[in-house]
Amino acid sequence: MSALSRSVSGAGASFPGPAHAVDPARATCRPARPPASGAARLSITVTETRRLVIEDPGLLMHRAWQIARSDPEAAAELGYGEPYIMDERRAFTLVLADCGGAELGERAEQLGLRVVSAATVATCTDSGSLVYEDEQIFE
């Protein structure tokens with residue numbers, strides 16, 4: 001059984017404690033350039049991270065084989081090609097590229113995966129200060 005982590009935005013985070021919101025009085029966000037109306041707006045980046053475990057490698061590889069057969073050129077770009085060996089990492093890569101991160105999380109069980117945890121982090125884009133963080137553990 002393998003564990004793979006995938007961050008939707010490309011950045012990961014680890015959270016030691018229970019889910020919580022950050023004290024807004026301590027967050028130092030600066031407003032982005034005010035729009036024409038004159039009202040200042042904050043610019044915030046939200047990052048969602050899911051940790052997945054491969055529960056059924058056969059099911060995952062079966063789906064990856066289907067993807068590779070339907071679009072061999074795209075599969076080759078993702079590293080699947082001669083000598084045509086399908087391992088869990090390649091299978092996961094093909095499935096992720098085919099359905100995307102959000103759909104992968106929604107269809108995890110159908111693809112032989114299990115979502116172990118999901119984390120959400122919101123940061124102020126201008127200053128990088130933490131606005132909110134939350135982690136759900138499903139184990």
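**Close-up views of a predicted model**

**View 1. Tyrosine 84 counts as partly exposed, with a relative accessibility of 46%.** The value lies between the 20% and 50% limits that separate buried from exposed residues, so tyrosine 84 falls in the middle class. The model shown in this and every other view is predicted. Tyrosine 84 sits in the loop that links helix H2 (72-77) to H3. Its phi angle is positive, at about 55°, although the residue is not a glycine. Most residues other than glycine have a negative phi.

**View 2. Glycine 81 belongs to the loop between H2 and H3.** Is glycine 81 buried, partly exposed or exposed? Its relative accessible area is 21%, which makes glycine 81 partly exposed; the limit for a buried residue is under 20%. Alanine 68 is 13 residues away from glycine 81 along the chain, and their C-alpha atoms are separated by 9.1 Å.

**View 3. Helices H1 (residues 57-70) and H3 (residues 88-106) cross at roughly 60°, and their axes come within 8 Å.** H1 is therefore oblique to H3. The crossing of the two helices is left-handed. Which residues of H1 and H3 make the contact? On the H1 side they are Pro57, Leu60, Met61, Arg63, Ala64, Ile67 and Ala68. On the H3 side they are Glu88, Ala91, Phe92, Leu94, Val95 and Asp98. Sorted by class, the contact of H1 with H3 holds ten nonpolar residues and three charged ones, with no polar residues. Two packed helices are described by the angle between their axes and the distance between the axes.

**View 4. The largest nonpolar core has 21 residues.** Those with the most contacts inside the core are Leu60, Met86, Phe92, Leu94, Val95, Leu104 and Leu113. Which elements give two or more residues to this core? They are strand S5 (44-54), H1, H3 and strand S6 (113-124). The most comes from H3, which gives seven residues. In soluble globular proteins, nonpolar side chains tend to be buried together.

**View 5. Threonine 47 is part of strand S5 and counts as buried.** The relative accessibility of threonine 47 is 17%, and a residue is called buried when the value is under 20%. How many residues apart along the chain are threonine 47 and threonine 120? They are 73 residues apart, and 5.7 Å separates their C-alpha atoms.

**View 6. Valine 131 lies in strand S7 (residues 130-137).** With a relative accessibility of 25%, valine 131 counts as partly exposed. Valine 131 and isoleucine 44 are 87 residues apart in sequence. In space, the two are 8.3 Å apart from C-alpha to C-alpha.

**View 7. The whole chain, for orientation, contains three helices and seven strands.** In what order do the elements run from the N terminus on? The order is β-β-β-β-β-α-α-α-β-β. The chain has 139 residues, of which 29% are buried. Take the contacts between residues at least 6 apart in sequence: 67% of these contacts join residues at least 24 apart.

Note on methods. Residues numbered from 1 in each chain as written. Predicted model: local features only at pLDDT ≥ 70, side-chain atom pairs only at ≥ 80, totals over all residues. Heavy atoms only, no water. Axes fitted to C-alpha atoms, helices over the stretch in contact; angles between N-to-C directions. Helix = DSSP H or I, 4+ residues; strand = E, 2+ residues; numbered from the N terminus. Parallel < 35°, antiparallel > 145°, perpendicular 65-115°, else oblique. Left-handed = near helix turned anticlockwise from the far one by under 90°. Contact = heavy atoms within 4.5 Å. Nonpolar A, V, L, I, M, F, W, Y, C, P; charged D, E, K, R; others polar. Core = buried A, V, L, I, M, F, W, Y, C linked by side-chain atoms within 4.5 Å. Buried < 20%, exposed > 50% of the residue type's maximum accessible area, 1.4 Å probe, protein only.
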